[in-house]
Amino acid sequence: MTANEGASYDAVVLAGGGAARLGGADKPGVRVGGRTLLDRVLTACSGAGTTVVVAAPRPTARPVVWAREEPPGGGPLAALDAGLRRTAAEWVVVLSADLPFLEEWTVRRLLEALRDSGADGAVLTDPEGRDQPLVAAYRSASLRRGIAELAGTGEGGGLGGLPLRRLVSRLGLTRVADPVAAFDCDTWDDIATARARIREHGHVLDEWISAVKDELGIELDVDTGMLLDLARDAAHGVARPAAPLTTFLVGYAAAQAAARGGAGATGGAEAVADASRRAAALAARWAEEEAQQGATPGAEAAPTTPPKPQVSPSQPQVSPSQPQTSPSRSQAAAPTPHTPHTPHTPPSPGSSSDAG
């Protein structure tokens, strides 16, 4: 399957080019956060009815339609034409394959701007306000009309060698500002910047969840805050290893519930939420029972100090001024009061060469 039934748009992803500034490396195949740049872009346009990738075929996390421009290596306009020929939707999202921070909500913003403005296209702008025609949504009819007007004016009587601006300059455009989504990877420094950013505290969890869902082929959107709360309650109220095991069992139970219910089953996200609520209630009951056990009237409390050693009445008492001799067998067997250990206080941040 390569189509989402009822989708309002198709997508064309341009994944060719020589990547000269990457030393000729296969740029769409470079990994950021464990996923190729191409797969990250395909996730962002996962709502498309049909997704066409213009490049030599390769393994991808999502199903796509493959196309090649004429002539091979003929440039972005020829590649766009090749991809457009395999789409049928009224709107088409056109993307390059080197956008590590493009998200699905940015694609939706472009489509909404296109719909609301009545323009031929809605393009993203970079931090300097420059148009990014390969991060844009267009009316397919407008693209086809512009390409037809340029047909035969390129190399070999086709579109080869023509820059994309020859087409977009003929279109009425509206703009959407999103400097993060507009970030593209042209150099190895750009790749390093992207890899560092996704590991920052504010991004790493979302990035990891997206990567895992792509790897496992999961389209499910769930309340991660609820799952984290469940993991915390299981760890604190039961035992630390209970956290990952409980969340695994919640997912397994949700999948079984959906399978048993058939077409009328609760949706995946709702099934996870229901299983999470039930497991959280169990963790709460578990913790409550433990608290009640400690507060049961008449329950023997564990001794807080060891008993004093018993001295036989026939044993001579040793005064403090007398020298101590070897203890008797009964004295040696008696427990020695425990002196609490004073915990080591870690140095404050910055006070050690290991800090940070």
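Trainee: What makes E4 and E5 a pair of strands?

Mentor: A strand is a DSSP run of type E with at least two residues, a helix is a run of H or I with at least four, and both are numbered from the N terminus. Two strands pair if DSSP finds at least two bridges between them.

Residues are numbered from 1 along each chain as its sequence is written, and side-chain values use heavy atoms, with hydrogens and water left out.

Trainee: What holds paired strands together in general?

Mentor: Strands of a sheet pair through backbone hydrogen bonds, in either a parallel or an antiparallel sense.

Trainee: Why are E5 and E9 called edge strands?

Mentor: The open sheet has seven strands in the order E5-E4-E1-E6-E8-E7-E9, with mixed pairing. Strand E5 (65–67) and strand E9 (173–177) each pair on one side only, and that makes them the edges. From one strand to the next, the twist averages 25°; axes are lines fitted to C-alpha atoms, for helices over the stretch in contact, and angles run from 0 to 180 degrees between N-to-C directions.

Trainee: What places E1 between E4 and E6 in that order?

Mentor: E1 pairs with E6 in the parallel sense over six bridges, and with E4 in the parallel sense over four. For instance, Asp-10 has Val-92 of E6 as its bridge partner, whereas the partner of Val-13 is Val-53 in E4.

Trainee: Why is E1 described as largely enclosed?

Mentor: A residue is buried under 20% relative accessible area, exposed over 50%, and partly exposed in between, using a 1.4 Å probe and protein chains only. Six of the six residues of E1 are buried, so the strand is largely enclosed by the rest of the structure. Tyr-9, Ala-11 and Val-13 cover one side, and Asp-10, Val-12 and Leu-14 the other.

Trainee: What makes a group of residues a nonpolar core?

Mentor: The members are buried Ala, Val, Leu, Ile, Met, Phe, Trp, Tyr and Cys residues joined through side-chain atoms within 4.5 Å. The largest such core has 31 residues, of which Tyr-9, Val-13, Val-53 and Leu-102 touch the most other members. Two or more residues come from each of strand E1 (9–14), helix H1 (37–44), E6, helix H3 (104–117), strand E7 (121–125) and E8. H3 gives the most, with five. Apart from this core lies another, of 25 residues, including Ala-136 and Leu-171.

Trainee: Why is the link between Arg-109 and Asp-178 called a salt bridge?

Mentor: The term requires a side-chain nitrogen of Lys or Arg within 4 Å of a carboxyl oxygen of Asp or Glu. For Arg-109 and Asp-178 the N to O distance is 3.7 Å, so the pair qualifies. Arg-109 lies in helix H3 and Asp-178 in the loop between E9 and helix H6 (188–197), so the bridge ties together parts 69 residues apart in sequence. With a relative accessible area of 29%, Arg-109 is partly exposed; Asp-178, at 8%, is buried.

Trainee: Which salt bridge joins Asp-214 to another side chain?

Mentor: Asp-214 meets Arg-35 at 3.1 Å, N to O. Asp-214 lies in helix H7 (residues 204–216) and Arg-35 in strand E3 (residues 35–36), so parts 179 residues apart in sequence are tied together. Both residues are buried. They also belong to a network of salt bridges with Arg-40, Arg-62 and Glu-207. The whole structure holds 19 salt bridges.

Trainee: What tells you how far to trust the model?

Mentor: The guide is pLDDT, the predictor's confidence in each residue, from 0 to 100. The protein averages 80, and 77% of the residues score at least 70. Among the elements, E6 has the highest mean (98) and helix H11 (residues 329–333) the lowest (39). Over residues 299–356 the value stays under 50. Where pLDDT is low, the predicted coordinates should not be read in detail.

Note on methods:
Contact = heavy atoms within 4.5 Å.
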